[in-house]
Amino acid sequence: MVSLLQIIKYAINIYVVLLIAMAVMSWLISFDVLNRRNRTVSQIAYFLYRITDPPLRPLRRIIPNFGGIDITPVILILIFQFILIVIDNNMYRFV
């Protein structure tokens with residue numbers, strides 16, 4: 001059971017990194033640092049969007065838009081951090 005919880009923790013940590021990468025890439029694209037017409041940039045952006053958008057979509061329906069600033073990745077990261085704290089506190093009860 002402990003190893004299953006560790007795998008879940010690793011998966012959440014990897015997903016948080018993907019969320020951060022998606023947020024940074026969207027900022028770089030919106031400020032024209034990265035060119036969306038570049039094939040590599042487009043493929044990476046498409047991959048990050050396809051991976052991160054499904055859990056963000058329900059949050060975007062609930063949370064209002066704050067003047068063009070999307071805070072749903074931050075809220076999802078906070079939710080994941082709460083889940084990680086719960087897993088850490090309960091991990092060694094199963095041993």
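Biologist: Where is Thr72 found?
Modeller: Thr72 is found in helix α3; helices here are DSSP runs of H or I with at least four residues, strands are runs of E with at least two, and both are numbered from the N terminus. This is a predicted model, with residues numbered from 1 along each chain as its sequence is written. Local features need pLDDT of at least 70 and side-chain atom pairs pLDDT 80 or more, while totals for chains, interfaces and linings use all residues, and side-chain values use heavy atoms, without hydrogens and water.

Biologist: Is Thr72 buried or exposed?
Modeller: Thr72 counts as buried because its relative accessibility is 1%. Buried means under 20% relative accessible area, exposed over 50%, and partly exposed in between, with a 1.4 Å probe and protein chains only.

Biologist: What does Thr72 touch?
Modeller: Leaving out residues up to four places away in sequence, Thr72 touches Leu56, Leu59, Arg60 and Ile63; contact means heavy atoms within 4.5 Å.

Biologist: And which side chain makes a polar contact with the side chain of Thr72?
Modeller: That of Asp70, at 2.7 Å. A polar contact is a pair of N or O atoms within 3.5 Å; within protein, one must be able to donate a hydrogen and the other to accept it, and residues adjacent in sequence count only if both atoms are side-chain atoms.

Biologist: Switching topic, how many aromatic pairs are there?
Modeller: The structure holds one. The ring centres of Tyr15 and Phe80 are 5.7 Å apart and their planes sit at 85°, so the pair is edge-to-face. Rings of Phe, Tyr and Trp (its six-membered ring) pair with centres within 6.5 Å; planes under 30 degrees apart are stacked, over 60 edge-to-face, and the rest tilted.

Biologist: Which helices does the pair link?
Modeller: Tyr15 belongs to helix α1 and Phe80 to helix α3, 65 residues apart. Tyr15 is buried at 16% relative accessibility, and Phe80 is buried at 15%.

Biologist: What about the largest nonpolar core?
Modeller: That core has 21 residues, and Ile12, Leu19, Met25, Leu76 and Phe80 have the most contacts inside it. α1 (2-30), α2 (39-62) and α3 (72-90) each supply at least two of its residues, with the largest share, nine, coming from α1. A nonpolar core is a set of buried Ala, Val, Leu, Ile, Met, Phe, Trp, Tyr and Cys residues joined through side-chain atoms within 4.5 Å.

Biologist: Which residues is Ile12 in contact with?
Modeller: Phe80, Ile83, Leu84 and Ile87, setting aside neighbours within four places in sequence.
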